[in-house]
Amino acid sequence: MDDVPVFDVSDGSLERLTKEKPEFILLDGGTHLPGYSRLAPTYRMAHPGEDWRATLDKTADLLGKKSCVRDIIGEYESRADKARQALERSVRDQTVAFLRISAKAVILYGGSKQGYTGPVLYGDLGLAPHRLVSQLTGRSRRSVVLTPEWLAKLDADHLFVTFDRLWGHTAEAREDERLAMLPGVRNNSVYEVDFLTWMNYGILSHGKKIDDVLIVLA
């Protein structure tokens, strides 16, 4: 999207957007600046992150691209199905967990219904979550902060981790300290992945997650 101009909704001004002369404006549910509808036809998207298929379908409908969606989603599901079959052969019943690490906390993400990662890891790819995933995050919660005691018990066969450096500076020494606490480090079964890719929803980021998993586990 290099050719798409950046518009910062946080400055409270529509001046720059007015200069871009948009033909259609699509907003997410968290954007509340008034005046958009005076510039162009405007639609506010509920954007349920986990239901990215519905979001994509609605967007395509609004932009007159409805006929493309079925094939695009079908390609993703076919890709995920092939990946799942490959992983069934390579990892079988080995357990998996995903952690978001910052200077302040280590966050464990939830199961197949909630969050950025679970629907891909445990849903689309059919990987087995470590017992702490369901025990601590439950069915309705997306993530939970791990205490040092719980972190020491996270002996998953495979751990995917990402470092949250966007909301403050994370010292390298602090990262090393937290990584050293993970049982999987001793077995070389901890894999660092890109923050923006994994802390996101949608067909593009989910497709990249599948690629990342296949690289290390297939």
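**Chatting through the model**

Reader: Before we start, what kind of model is this?
Author: This one is a predicted model.

Reader: Ok, helices then. At what angle do α3 and α4 pack?
Author: Helix α3 covers residues 52-62 and helix α4 covers residues 66-90, and they pack at about 155 degrees. Their axes are 8 Å apart.

Reader: Why give me both an angle and a distance?
Author: Because two packed helices are described by the angle between their axes and the distance between those axes.

Reader: So are α3 and α4 roughly parallel or roughly antiparallel?
Author: Roughly antiparallel, because angles over 145 degrees count that way. The crossing of the two, α3 and α4, is right-handed.

Reader: Which residues meet there?
Author: From α3 you have Trp52, Arg53, Leu56, Asp57, Ala60 and Asp61. They meet Lys66, Val69, Ile72, Ile73, Tyr76 and Glu77 of α4. Sorted by class, the contact has seven nonpolar residues, five charged ones and no polar ones.

Reader: New topic! Where is Arg100?
Author: Arg100 sits in strand β3, which runs over residues 95-101.

Reader: Is Arg100 buried or exposed?
Author: Buried: the relative accessible area of Arg100 is 14%, and buried means under 20%.

Reader: And what does the side chain of Arg100 have a polar contact with?
Author: With the side chain of Tyr109, at 3.0 Å.

Reader: Last one: where's Asp194?
Author: Asp194 is in the loop between β8 (190-192) and α9 (195-198). Asp194 is partly exposed, at 43% relative accessible area.

Reader: Which side chain does the Asp194 side chain make a polar contact with?
Author: That of Thr197, at 2.8 Å. Also, the C-alpha atoms of Asp194 and Val161 are separated by 8.7 Å, while the two residues are 33 residues apart along the chain.

Terms used: Residues numbered from 1 in each chain as written. Predicted model: local features only at pLDDT ≥ 70, side-chain atom pairs only at ≥ 80, totals over all residues. Heavy atoms only, no water. Helix = DSSP H or I, 4+ residues; strand = E, 2+ residues; numbered from the N terminus. Buried < 20%, exposed > 50% of the residue type's maximum accessible area, 1.4 Å probe, protein only. Polar contact = N/O pair within 3.5 Å; in protein donor to acceptor, adjacent residues only side chain to side chain. Axes fitted to C-alpha atoms, helices over the stretch in contact; angles between N-to-C directions. Parallel < 35°, antiparallel > 145°, perpendicular 65-115°, else oblique. Left-handed = near helix turned anticlockwise from the far one by under 90°. Contact = heavy atoms within 4.5 Å. Nonpolar A, V, L, I, M, F, W, Y, C, P; charged D, E, K, R; others polar.
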